[in-house]
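Visitor: Before we go through the terms, please show me the sequence and the model. I would like each label set against its cut-off.

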Amino acid sequence: MKHIIILGDGMADLPVERLGGKTLLQYANKPMMDQLAKEGRCGRLITVPEGFPPGSEVANTAILGYDLNKVYEGRGPLEAASIGYEMADDDLALRCNIINLQDGKIITHNGGNLETDDARLLIDYLNETLAKPINESLGCERVKFITGIQYRHLLVIKGGNKHITCAPPHDHPNEEWRPLLVKADIPEAQETADLLNELILKSQELLPKHPYNQAKVAKGERQANSIWPWSGGYRPSMETLMQQYPDIKSGTVISAVDLIRGIGHYAGLRIVEVEGATGLADTNYEGKAKAAIEALEHDDFVFVHVEASDEAGHDGDLELKLKTIEYLDQRLIKPIYEHILKMNEPVCMAVLPDHLTPVEMRIHVGQPVPFLIWHKAIEPDEVQQYDEVSCVSGSYGLLKLNEFMQALMTEK
Ligand SMILES: [Zn+2]
């Protein structure tokens, strides 16, 4: 049997007064998910292990069956995989934002809406003027900047120590940046912390001299005038899904989000590009459905991740979040379901979110999420609808972390 997971990021919610006390999944018109819940079996899943923040990278890694305590290395290594940088064993990879500072404070975490093409020029410039002199003085390639997307880039320190505390810049708008500099957690990491702080300070001297920033000053717009590294880690030691589950010979991940693609890469999945996949409600649902259907033809395992609900939740946009649930239902799950009915080989399909992003809170909440598992021959339970409340009485009960993947792969 083949397996496909369809994940609506942040799709679960809390009861909303404006909807008569219903959650969005209860209120939305989503006949496909309800049919699958009715014909299949449901349950709830704890996706965030104790001691971890309810981040998408954490929850998605847990859903794929991994023990976060063993494999979690932060965003840097996941984004490295997503942009095609193969980490060496002694690499420390950090997410490196290019941000905007003013009067000693972090103003934005995004360098004033920096575009990728401009960012590439700044990253090349930093490699030439900042990394190169350090590497030459050390006689090795110690420091390397790698272009990512928009304001989100990568900084690799060969031989760096990961036991440091860095401040995620989006958590500190309008705060003074000096107290937020990198700190060593253990004495052995002091050299790494010092090096990172030196890079931050020097970038603040160099970046304002670049023509891109000079033009911004002339126009009275925000400069991209400092690097800000954070969430560093080593190459994750993850066994692939193929090594863990004999039924999976090959698999695919379909997502617009770097972190999810990175998890997929280390899990041994092929990353498929879908044109027009934006991570927002305007994403190319049909393109993702088509890519998933194609992947099901030659792979045993497909992970489709759709970010749109999470973004709508962060925006606190109730109507938009309802729409993203209905789009997922009709424009993604339905065509995949219809294709599965025509396939000779049986396919088991699961639908779930990774965490709640309640529209009235606009942040992630790590409560249990509802899930459904369906295939043609499954013995249905009593659940008639797919939502947070109905799934409480599902026959899988309340599962924890890797128990979901085990339950899914037991369906044969
Ligand atoms: Zn998420």
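Guide: Start with burial: a residue is buried under 20% relative accessible area, exposed over 50% and partly exposed in between, with a 1.4 Å probe and protein chains only. This is a predicted model, in which local features need pLDDT of at least 70 and side-chain atom pairs pLDDT 80 or more, while totals for chains, interfaces and linings use all residues. Residues are numbered from 1 along each chain as its sequence is written, and side-chain values use heavy atoms, without hydrogens and water.

Visitor: Which residues of helix α8 are buried?

Guide: Helix α8, residues 211–219, has Y212, N213 and K216 as its buried residues. Helices are DSSP runs of H or I with at least four residues, strands are runs of E with at least two, and both are numbered from the N terminus.

Visitor: How do you know that the buried residues of α8 line one face?

Guide: The arc is taken from the directions that run from the helix axis to the C-beta atoms. Down the axis of α8 the buried residues fall within an arc of 90 degrees, so they line one face of the helix. They pack against α6 (116–138), where contact means heavy atoms within 4.5 Å. On the face turned away from the buried side, α8 carries the exposed residues P211 and A218. After α8 comes G220, with a positive phi near 70 degrees.

Visitor: Are D9 and H355 buried or exposed?

Guide: D9 has 0% relative accessibility and therefore counts as buried. H355 also has 0%, so it is buried.

Visitor: What contacts does T357 make?

Guide: T357 lies in the loop between β14 and β15, and at 0% relative accessibility it counts as buried. Its side chain makes a polar contact with the side chain of H355 at 3.3 Å. The term covers a pair of N or O atoms within 3.5 Å; within protein, one must be able to donate a hydrogen and the other to accept it, and residues adjacent in sequence count only if both atoms are side-chain atoms. Beyond four places in sequence, T357 is in contact with residues including G10, D13, D310 and H364.

Visitor: How do you know that the chain agrees with a compact globule?

Guide: The radius of gyration is taken over C-alpha atoms, and the globule rule is 2.2 Å times the number of residues to the power 0.38. For 412 residues this comes near 22 Å; the protein chain has 22 Å, so it agrees. Buried residues make up 57% of the 412.
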